[in-house]
Amino acid sequence: MTSSSIQTLFDSQKNKATALRSAPISERKAQLSKLKRWILDNKSRIYEALYQDLHKPQLEADISEIFPVMAEISHTLQHLSEWTRERRVSSGLTYIGTQGKIKYEPKGRCLIIAPWNYPFQLTVGPLVSCLAAGNTAILKPSENTPTTSRFISEMVRELFDPSWVTVVEGAIDETQTLLSLPFDHIFFTGSTPVGKIVMAAAAKHLTSVTLELGGKSPVIIDESANVDDAAKKIIWGRFTNNGQTCIAPDYLFVHHTQLENFLASAKKHIRKLFDPSSVGMRQSSGYARIVNPRHTQRIIDLMESALQEGAKIAIGGTYDLESRFIEPTLLIDIPTDSSIWKEEIFGPIMPIQTYDSLENVIEHIRANDKPLSLYLFSKDRRAQERVTQETTAGSMVINDVVLQYAHPNLPFGGVNQSGIGKAHGHYGFLEFTNQKSVLKQRVGFTNAMLFYPPIGNFKKKVLDFMTRYF
């Protein structure tokens with residue numbers, strides 16, 4: 001799209017954004033219900049788009065793309081009246097005679113920039129929160145998943161007037177044009193380097209942002225853990241969607257007494273979960289693919305570089321660039337200065353190091369960027385408490401992985417380099433909402449007038465008393 005046509009779309013949403021401020025909440029609910037019905041009626045189209053872009057199995061599409069969106073809509077419809085209700089606040093003795101309340105109002109025109117790894121869910125999920133808060137939206141799906149991007153554009157045209165919701169397809173030029181506009185809020189999901197670009201562009205207009213980024217999410221398996229249980233959960237969380245998940249376990253610390261059993265269990269669960277018919281991983285219909293050759297080559301280069309630096313393949317290791325296939329792979333004996341140990345992998349390779357002291361693991365996590373997620377497998381309550389208290393992450397899960405993302409009552413988001421702001425449920429609604437304070441004062445004498453000048457001894461004594469005891 002040209003810059004002028006994008007500007008026209010942006011301008012066309014101004015009046016609608018103003019009108020939505022006073023529109024009944026039932027109008028928002030009606031749009032969300034309409035979206036929910038449309039998704040149910042068009043699941044086959046979603047499956048086809050995701051298969052074309054990511055070779056995503058149908059069951060995986062249901063679990064990771066469709067279900068989270070449907071659950072988000074259902075939860076929002078159930079609670080939206082409560083979330084939008086004005087909330088009265090106590091005045092206290094200092095403000096006797098006033099009435100205070102918080103009014104939840106739409107921010108206005110919003111931009112949602114989505115990634116390619118979960119191209120349907122990570123476009124439509126934020127849209128649910130945006131619509132619930134009463135905003136308009138321009139969606140920018142990823143050009144790396146063109147079939148899904150085109151499908152989302154078709155969906156939006158069938159459901160919404162462009163003055164309310166519309167889609168801009170394209171690549172860098174279109175994104176740069178969108179980022180030059182004075183949106184009222186930007187919701188971005190993607191890499192940390194691009195997140196910095198988005199935040200810098202938003203700063204020119206003082207536009208608020210939600211940045212759902214990534215980074216390396218560590219996993220710890222201590223000596224008390226149930227290793228087979230841990231292996232099954234980690235293998236599922238790591239290799240679903242071919243490892244292209246921002247909260248996937250990224251690198252693993254295993255207590256030295258647990259490594260051998262972990263590798264044996266991991267090998268078993270890779271086959272059971274992703275090649276249940278034993279046809280070979282390359283022929284399995286239950287295993288997705290890397291999004292494109294460029295990303296496939298990047299992951300292969302990370303692995304080959306680690307092997308040259310002394311790492312060893314414990315499981316897997318085969319790949320085919322042309323078909324964008326990389327086998328589920330576990331690497332051991334990783335040098336700590338290896339790129340694969342320091343960079344986000346975003347693919348089906350997991351580097352492993354053994355450890356003796358939990359303190360050393362905690363020190364490593366604290367010395368690096370704060371992760372989006374942190375996972376601990378342990379039956380030791382003291383270890384659980386220690387890791388919880390002594391590390392920082394956007395979210396932490398004990399004895400499982402990834403599930404925190406879909407929890408309806410937990411905020412999802414990162415810390416600093418792994419993200420800014422929170423999403424999902426009530427927290428997503430608040431991201432797209434201005435919490436406006438409203439104070440109503442009585443007419444005539446008020447407490448505040450006690451402190452109008454001139455200030456005499458009596459007023460000084462009153463002020464001193466209030467400073468000490470109020």
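## V402 and its loop

V402 has a relative accessible area of 16% and is therefore buried (buried means under 20% relative accessible area, exposed over 50%, partly exposed in between, with a 1.4 Å probe and protein chains only). V402 sits in the loop between strand 16 (395–398) and strand 17 (419–420). Helices (H or I, at least four residues) and strands (E, at least two) are DSSP runs numbered from the N terminus. The phi of V402 is near 70°, a positive value in a residue other than glycine.

This is a predicted model, in which local features need pLDDT of at least 70 and side-chain atom pairs count only at pLDDT 80 or more, while totals for chains, interfaces and linings use all residues. Residues are numbered from 1 along each chain as its sequence is written, and side-chain values use heavy atoms, with hydrogens and water left out.

## Other backbone features

Most residues other than glycine have a negative phi, and most peptide bonds are trans. S278, which is not a glycine, has a positive phi of about 55°. S278 belongs to the loop between helix 11 (259–274) and helix 12 (293–308), and its relative accessibility of 48% makes it partly exposed.

A cis peptide bond, with omega about 0°, joins P453 and P454. P454 is placed in the loop between strand 18 (433–440) and helix 17 (457–469).

## The chain as a whole

The chain contains 17 helices and 18 strands. Its C-alpha atoms fill a box of roughly 80 × 55 × 35 Å along the principal axes.

Of the 470 residues, 51% count as buried. Among contacts with a separation of 6 or more, 71% are between residues 24 or more positions apart; contact means heavy atoms within 4.5 Å.

## Nonpolar cores

In soluble globular proteins, nonpolar side chains tend to be buried together. A nonpolar core is a set of buried Ala, Val, Leu, Ile, Met, Phe, Trp, Tyr and Cys residues joined through side-chain atoms within 4.5 Å. The largest core here has 44 residues, of which I39, F120, L139, M155 and V165 touch the most other members. Helix 5 (residues 58–84) supplies the largest share of this core, seven residues. Another core, of 41 residues, lies apart from it and includes F239, A266, Y375 and F377.

Leaving aside neighbours within four places in sequence, L139 is in contact with I112, T123, L127, I152, V156, V165, T166, V167 and V168.

T240 is located in the loop between helix 10 (227–239) and strand 9 (251–255). Its relative accessibility is 11%, so T240 counts as buried. Not counting residues up to four places away in sequence, T240 touches E60, Y118, I235, T245 and F274.

Q384 is part of helix 15 (residues 381–390) and is buried, because its relative accessible area is 17%. With residues up to four places away in sequence not counted, Q384 touches L376, S378, K379, M396, I398 and N399. The C-alpha atoms of Q384 and L131 are separated by 39 Å, and the two residues are 253 residues apart along the chain.
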